[in-house]
Amino acid sequence: NNWVSFHADGTVVLYPMLAPNRRLERRHDVLASLSDPAGFYIREIIDLSAHEADGRFLEGTGSLVLDRVHRIAYACLSARTDVELLAEFGHRMNYETVAFNATDEHGVPIYHTNVMMSVGSDFAVLCEEAIGAVVQREALRRKLEESGHEVIAISRAQMGAFAGNVLELSTTAGERVIALSGSAADSLDDGQRERLASRARLVIAEIPTIEQKGGGSVRCMLAEVYLPAAARPA
């Protein structure tokens, strides 16, 4: 999900990646496969990857946690999330941007926003204690609540178990589900689990190798395809 994002108006955005070996993930054949035979419509491709030459990065929906309904992009600033590229994304995609700073227990910036927060239809999982500045923390919570999201706070320890790296999805039958890992689910207390489960069915995957060796979890493995369907010939 770091090299590409798909949008309901037919836009595809390609992103600049910090690690040179991960830049190889940008594959136009994948985009072609969505058009034919998958049947999605791609209207425009916005390619931001040239900024890699300047050492500036914005790593897709790792860097950006998108509220697609209210067109708000939340971003924790780090070496992988450049504030100027965040502004460019907001301008070109007509998104309001909310930038903030967050760190782990050692004071190191959180590398991806989707590690510490997730925004669903009417809930948000957020590690507030990672945000040191009270003004930023309160502003972020206020923005989430004003846009109709119940904030479910998690601790830094739970963030370390990838409890923030969850994603709301929809089944083909229209059922809301929340995808999360076994370690994330195990880290939640009863109240947190009940609050999430009251919103959508929890779908739990055991992925210890990805989490221990890859530095990510379930949300990092998923790229939502919001593209519209291509018009069928008459």
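Modeller: Let me start with a definition: helices (H or I, at least four residues) and strands (E, at least two) are DSSP runs, numbered from the N terminus. With those terms, E224 sits in the segment after α9 (208-214).

Colleague: Thanks! What should I know about the model itself?

Modeller: It is a predicted model, in which local features need pLDDT of at least 70 and side-chain atom pairs count only at pLDDT 80 or more, while totals for chains, interfaces and linings use all residues. Residues are numbered from 1 along each chain as its sequence is written, and side-chain values use heavy atoms, leaving out hydrogens and water.

Colleague: How many helices and strands does the protein have?

Modeller: Nine helices and twelve strands. Along the principal axes, the C-alpha trace spans about 50 × 45 × 40 Å.

Colleague: How do you know what radius of gyration a compact globule of 234 residues would have?

Modeller: The rule is 2.2 Å times the number of residues to the power 0.38, with the radius of gyration taken over C-alpha atoms. For 234 residues that gives a value near 17 Å, and the protein has 17 Å, so the two agree.

Colleague: Back to E224: why does E224 count as buried?

Modeller: Buried means under 20% relative accessible area, exposed means over 50%, and partly exposed is in between (1.4 Å probe, protein chains only). E224 has 15% relative accessibility, so E224 counts as buried. Across the protein, buried residues make up 48% of the 234 residues.

Colleague: And why is A38 called partly exposed?

Modeller: The relative accessible area of A38 is 44%, so A38 falls into the class in between. A38 lies in the loop between α1 and β3 (44-47).

Colleague: Which residues is E224 in contact with, leaving aside neighbours within four places in sequence?

Modeller: F6, T61, R68, L167 and R219. Contact here means heavy atoms within 4.5 Å. Of the contacts in the protein with a separation of 6 or more, 67% come from residues 24 or more positions apart.

Colleague: How many aromatic pairs does a search of the whole structure find?

Modeller: Two. Rings of Phe, Tyr and Trp (its six-membered ring) pair if their centres lie within 6.5 Å; planes under 30 degrees apart count as stacked, over 60 as edge-to-face and the rest as tilted.

Colleague: What makes the pair of Y15 and F89 tilted?

Modeller: Their ring centres are 6.4 Å apart and their planes stand at 35°, so the pair is tilted. Y15 is in the loop between β2 (11-14) and α1 (28-35), and F89 is in helix α3 (residues 83-93), 74 residues away, which links distant parts of the chain.

Colleague: What makes G90 buried?

Modeller: A relative accessible area of 7%, which is under the cut-off. G90 also belongs to helix α3, and G90 touches Y95 and T97, not counting residues up to four places away in sequence.
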